[in-house]
Amino acid sequence: MNGQWQAMTPGGKSRHPVLFLLTLAIFLLVFTDRLVGTSTGYDPYKVLGVSRSASQAEVKKAYKNLAREWHPDKNKDPDAENMFIKVSKSYEILSNEERRANFDRYGQVEEGQSQHQHFRSFQNGFYFDESSFYFTRSRDFADSKYLLHHVQFNSDVLPDSHKKPYLIKVTSEWCFACIRVEPVWKEIVQELEPLGFGIGIVDLGYEPRLANQLGVHRAPSFIGLLNGRVTVFHQAIGREHLRRFMEDLLSQNLVEKVTDDNYQQFLDDWHVGNKPSVLLFDQDSNVPIVFRLTAFAFRDYVHFGYVDQGNTHNIQLLRQFNINSYAPSMLLFKEDTSRPVDIIQAKGMKRQVMDEFVSNNKFLQVPRLVNQQLFDELCPIKQFHRRRKYCVLLITSEDQAFLPRNKAFLDFATFNRKDVLRFAYVYQRQQQPLCQALLPNQAVVSPQVSGNVVILERRSQAGKVMYRSVIGGWNGSEEDKYRLLEHLELVQKDPTYLTSDATLPELNNELAPNFLIQWMNYAQDYIHQIYDDVLYSNWREMMPILSLIFSALFILFGTVVIQAFSEPGETKPRKTAPKEQPQTDNGASDRSTTFSRPPKKDFVEVTELTDITYTSNLVKLRPGHINVVLVLTNTSKNALLRKFAKEVFSFSGTHTIHFSFLNTDKHRHWMPLLLRSCSGSSPFGSHSDEDEDTSDYSGHVLALNGFKKYLCHFRPVFTGDDLTDVSYVATSLISSGSRRESRSRSRSSSDSRSRSHSRENRARSNRGSNRATSIEVHHKLDRLGLWMERLMEGTLPRWHVPSWPSLQAAENIPTGS
């Protein structure tokens, strides 16, 4: 080139050699300065104040203390920023085992680590484009608060994305293009963060697992996160493009455009949506982004609408509510649509002000309980005595005949609102399990029957409540209002006024979409994701989907080929008909399956002890597990199972407690065998053989520990006060007298004749006591709940058993021996 050195630009144009030499001199000067600066005895161990043998826990603890001390936001020292950067850099070296080993091996002045570190510092310090050099810091200290880690992302950011959208930048240390987009990134962060957008940064080198979870493998990249769904930004990187990208993530259906024609319909929607309504009046034709963010955060609680003050179709609406056109105004409506319950007006309305305004008015005056989440927020569980919350619940119907009664309840709640009282109502037809638990003996409400008011206080997460039903129902009369007010005053003075307890089931979600709509939404999101992956050639993410599609096609094609080449005479093997079970005298009662379902309200899984389940549920029961066995007969089975399920329902959540039942009509010798095998005094008392053979064990409950071989016994205790039980007691005395008489005659006769005569007397006595059995059986398990509490506490007496008797061995005992 004519004997001269010339600098060539990327475009092929030559520059003056003096400019090239000047640039080269600046480059060497800066590089030399970095070498000298990094080789002046920099030691990360000294910076953090730890020894070379310090563990990772000690390094981390020292870093936290120094970072808290030198953070620029807390330390006003002029050198705080440089010291904070030096502490962070030292922690990056020592927290990485490979980099720490290289530093320990080569040091700062050795050839291996020092050259790598000098080049890395040089790379982090400058970048170039076409003709000029640009020098910058390795990383701005302000970005450190946006760095995301895998655990933090899944525990904090991912759940928080259901309340606000996140803009996340994916970067890397060895990325020159990432440095070029830094000015755009700082501008968009300063613009979006005050509005309420979430900001995050993911480093590919330090968080490859998080980058793989997000589906992004190159830097720089920008992604939007909303409702747990990741959307990748594919446009040219610019402030306006990024802002429009984040705005488009929010659905346009969050805020409804309201005019003079539809505003009344918008406000009356509280009947269906069960939500308050918020109207924003502003001069802008488009909905402000800050209002859309507030609408997204509270979309489950409030219905949002927007009124354009510059639109000529909104003149009547502006006049009716006397809206000032010089500043944005927010109006919140509840059941009364003629006037708002709260108003706020300010120029340049901030996101924090909007959120606080809506958060203080999330619920209607008397909301309808439509799901469990709303019930948990309206009626929280009692934690402290000073924070009691009483829920006043109206059980009513959606029929037109009940509208005056519901309106009267709303008026009463409006004039008697207190912090400790929460008013709500439910439709009995939609929430039948809840209403059945609170009013077990109440029929379905009808226009001829008044509604019911229940005052309740929640006690536990399992659904336990203390409640009291207001006697007389609710018709909306002045007498009903006075009676309810009297009950509320009493319960606030004395919490023990709530005398009834119940375990409430989880509420039905009345607003949940059906299965078809959910499936269509999932399919739409899935198709949209596939479309984006195909459009932008994201083949790495497409490989699992393509593999699934080709596998399905291969299976389908293979099935068609097999059917096409199969012989026409081949037929499927016929299934053998199931054997008919022999019918017994009791009919349907003997056709019980292995698992018996108690009523749906208090569902407890109860297993029948048979030859199949006996070994696994008792003999080989795992250590620490206990099987609670209910003893019953065919005649008492249904009544005892219902009572048993109700008493043990609150203990059914424990995984170490199992519930079973034993039918003594099928295995009548098992209980006497267990009685004889108990070591020491028997839990059943001392009985003769004939007493054991004729005893009625129905209603007895045994807690059996199969591994340690001991049992705890519950004996039925009658607590009822029905006068008809006198006949049962008398009959029992007569039958016991007949049994004593038969035993006295058996001493002078043969054993076979005495046993046959005793069985005849027992059958005669059983027939005579059948009239009172239903009442007595109903009360046999009245104290079982208290016994279960003592069992869980470990305070019950225990009887040890050398070995568990077998069901088959019990059945093989001859009756005449």
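I count two strands as paired if DSSP finds at least two bridges between them. Helices (H or I, at least four residues) and strands (E, at least two) are DSSP runs, numbered from the N terminus.

**Entry 1: ground rules.** I am working on a predicted model, in which local features need pLDDT of at least 70 and side-chain atom pairs count only at pLDDT 80 or more, while totals for chains, interfaces and linings use all residues. Residues are numbered from 1 along each chain as its sequence is written, and side-chain values use heavy atoms, with hydrogens and water left out.

**Entry 2: the whole chain.** I find 31 helices and 25 strands. Of the 817 residues, 42% are buried (under 20% relative accessible area, with exposed over 50% and partly exposed in between; 1.4 Å probe, protein chains only). I took contact as heavy atoms within 4.5 Å. Among contacts with a separation of 6 or more, 72% join residues 24 or more positions apart.

Entry 3: I looked up the strand order and got 9-11-10-12-13, five strands with mixed pairing. Strand 9 (255–257) and strand 13 (342–345) are the edges; each has a single partner strand, so one side of each lacks a neighbour in the sheet. From one strand to the next, the twist averages 20°. Strand 12 (residues 329–333) pairs with strand 13 in the antiparallel sense, over four bridges. I checked Ser 329: its bridge partner in strand 13 is Gln 345.

**Entry 4: the helix across the sheet.** Helix 14 lies across strands 9, 10 (277–282), 11 (303–308) and 12. It runs at about 165° to strand 11 (axes are lines fitted to C-alpha atoms, for helices over the stretch in contact; angles run from 0 to 180 degrees between N-to-C directions).

**Entry 5: cores.** I defined a nonpolar core as a set of buried Ala, Val, Leu, Ile, Met, Phe, Trp, Tyr and Cys residues joined through side-chain atoms within 4.5 Å. The largest has 65 residues; Phe 291, Phe 304, Met 330 and Leu 438 touch the most other members. Helix 14 (residues 289–297) gives the largest share, six residues. Leaving aside neighbours within four places in sequence, Met 330 contacts residues including Phe 291, Ile 343 and Phe 357. A second, separate core of 27 residues includes Phe 644, Phe 651, Met 788 and Leu 791.

Entry 6: In helix 24, the buried residues include Leu 640, Leu 641 and Phe 644. Helix 25 (residues 670–677) is mostly covered, with six of its eight residues buried. Trp 670 and Met 671 are among them.
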